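The structure goes in first, and my notes come after.

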Amino acid sequence: MIRITAALSALALLTACTMPPKGVDDMQLAAWDEAVASIGCELSTESDYLPVELQTGLSRAQVQEIASYKVKTGVAEPNATGGVRLITGACTPAAPAPEADVMAEAPAAG
């Protein structure tokens with residue numbers, strides 16, 4: 001239990017030290033989230049970047065810097081294609097279905 005608490009405390013401190021990209025405010029960060037959500041939560045290819053740039057008014061460099069910031073803060077994760085996937089808000093992954101209780105489904109003996 002102590003290890004988990006220590007790990008969570010370290011993660012919180014690390015996240016607190018991560019600063020958003022220079023020249024980007026909270027409204028632009030929120031606009032980035034909305035724009036990425038509107039294209040299916042993944043930012044990987046040219047066809048993903050262009051709509052995000054148009055919706056937010058951010059440059060390509062700013063979109064990429066925000067993506068990196070979101071990964072560092074744990075609200076996005078790298079994907080297999082080298083891009084990122086937003087994992088909060090409208091893009092929160094669905095919880096896995098609970099496993100069925102095997103004993104409840106077993107036929108009664110007799």
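The notes below take the helix contacts and then the disulfide, all read from a predicted model.

Helix packing, α2 with α3. I looked up helix α2 (residues 26–38) and helix α3 (residues 46–56) and found that their axes come within 9 Å and cross at roughly 140°, so the two helices are oblique to each other. I noted the crossing of α2 past α3 as right-handed. On the α2 side the contact involves Ala-31, Trp-32, Ala-35, Val-36 and Ser-38, which meet Val-52, Gln-55 and Thr-56 of α3. Sorted by class, the residues of this contact are five nonpolar, three polar and no charged.

Helix packing, α3 with α4. Next I took α3 with helix α4 (residues 60–72), whose axes lie 10 Å apart at an angle of about 105°, which makes α3 roughly perpendicular to α4. From α3 I listed Glu-46, Tyr-49, Leu-50, Val-52 and Glu-53, and from α4 Arg-60, Val-63 and Gln-64, as the residues that make the contact. Here I recorded four nonpolar, one polar and three charged residues.

Disulfide. I searched the whole structure and found one disulfide, formed by Cys-41 and Cys-91 with their sulfur atoms 2.0 Å apart. Because Cys-41 lies in the loop between α2 and β1 (42–43) and Cys-91 in the loop between β3 (84–86) and α5 (102–105), the pair ties together parts that are 50 residues apart in sequence. I also checked burial: Cys-41 is buried at a relative accessible area of 9%, and Cys-91 is buried at 2%.

Note on methods:
Residues numbered from 1 in each chain as written. Predicted model: local features only at pLDDT ≥ 70, side-chain atom pairs only at ≥ 80, totals over all residues. Heavy atoms only, no water. Axes fitted to C-alpha atoms, helices over the stretch in contact; angles between N-to-C directions. Helix = DSSP H or I, 4+ residues; strand = E, 2+ residues; numbered from the N terminus. Parallel < 35°, antiparallel > 145°, perpendicular 65-115°, else oblique. Left-handed = near helix turned anticlockwise from the far one by under 90°. Contact = heavy atoms within 4.5 Å. Nonpolar A, V, L, I, M, F, W, Y, C, P; charged D, E, K, R; others polar. Disulfide = S-S within 2.5 Å. Buried < 20%, exposed > 50% of the residue type's maximum accessible area, 1.4 Å probe, protein only.
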